[in-house]
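Visitor: I have a new model open on my screen and I'd like to learn how to read it. Could you walk me through it?

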Amino acid sequence: MFRRHFIATLSAAAIAATSMTAAFAGGQKDIVDTAVGAGSFGTLVAAVQAADLVGTLKGDGPFTVFAPTDEAFAALPEGTVENLLKPENKDQLVAVLTYHVVPAKVMSGDIAGKRAKVLTVQGDRLAVNARNGVKVNNAEVVTADVEASNGVIHVIDTVLIPE
């Protein structure tokens, strides 16, 4: 029953292999090392470091991480990222980052054709719609099912902000 609440995070609308998937080759790395190796998550990795979440995301998991690209962070209003990275805003940064993490490994095939609300590590729920493409709140999944040793990464085009 517990797992069912999480089996709603992505769909097999799973975007066919793209050049980004090739950048992730080698699912033996943990989530952090996989993101670092991809080269398109510099802002996310810097934020994870600033929030002291590296150890957590290198942990056993399993985790499902909706990973915004550098372009997604760049699309935020000017100054947002810089403001979040300030030490005095660490709690807010942790809230934003943990809103992108589900404490279970959810592959796209697990929820193909479904809709669900999934609980995040942050404590709020994400709306996942895998009926027509794959949307997580207002973000679109651009690459699904990037496996890591302690979970899975689904690349999204928008930074998710808890309400």
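Guide: We'll take cavities first, then a helix, then backbone angles and strands. Keep in mind that this is a predicted model.

Visitor: Which elements give two or more residues to the lining of the largest cavity?

Guide: Those are α3 (31–38), α4 (42–50) and β1 (63–68). Sorted by class, the lining has 12 nonpolar residues, 1 polar and no charged ones.

Visitor: And what volume does the second largest cavity have?

Guide: About 40 Å³. Its lining is made of A47, F73, V81, L84, L85, L93, V96 and L97. Two or more residues come from each of α7 (80–84) and α8 (90–98), and α8 gives the largest share, 3 residues. By class, this lining has 8 nonpolar residues, with no polar and no charged ones.

Visitor: Back to α3, then. Which of its residues are buried?

Guide: For this step you need a cut-off: buried means under 20% relative accessible area. In α3 the buried residues are I31, V32, T34, A35 and A38. They cover an arc of only 165 degrees around the axis, so they sit on the same side of α3. While you're there, check both ends of the helix. D30 caps the N-terminal end, with a side-chain oxygen 3.0 Å from the backbone nitrogen of V32. Just after α3, G39 takes a positive phi of about 80 degrees.

Visitor: Which residues other than glycine have a positive phi? I'd like to see D52 to begin with.

Guide: D52 has a phi of about 60 degrees and lies in the loop between α4 and α5.

Visitor: Is D52 buried or exposed?

Guide: D52 is exposed, with a relative accessible area of 53%. Another case is D145, whose phi is near 60 degrees. D145 lies in strand β6 (residues 139–148), and at 25% relative accessibility it counts as partly exposed.

Visitor: Where should I look for a cis peptide bond?

Guide: Go to the bond from G61 to P62, which is cis, with omega near 5 degrees. P62 is found in the loop between α5 (54–57) and β1.

Visitor: Last topic, strands. How many bridges join β5 to β6?

Guide: A general idea to carry with you: in a regular strand the side chains alternate between the two faces of the sheet. In this model, 2 bridges join β5 (residues 135–136) to β6, and the two run antiparallel.

Conventions: Residues numbered from 1 in each chain as written. Predicted model: local features only at pLDDT ≥ 70, side-chain atom pairs only at ≥ 80, totals over all residues. Heavy atoms only, no water. Helix = DSSP H or I, 4+ residues; strand = E, 2+ residues; numbered from the N terminus. Nonpolar A, V, L, I, M, F, W, Y, C, P; charged D, E, K, R; others polar. 1 Å grid on protein atoms, 1.4 Å probe; cavity = no way out; pocket = protein on both sides within 12 Å on 5 of 7 lines; lining within 4 Å. Points joined across faces, edges and corners; volume = space filled by probe spheres on them. Buried < 20%, exposed > 50% of the residue type's maximum accessible area, 1.4 Å probe, protein only. Arc of directions from axis to C-beta. Polar contact = N/O pair within 3.5 Å; in protein donor to acceptor, adjacent residues only side chain to side chain. Pairing = 2+ DSSP bridges.
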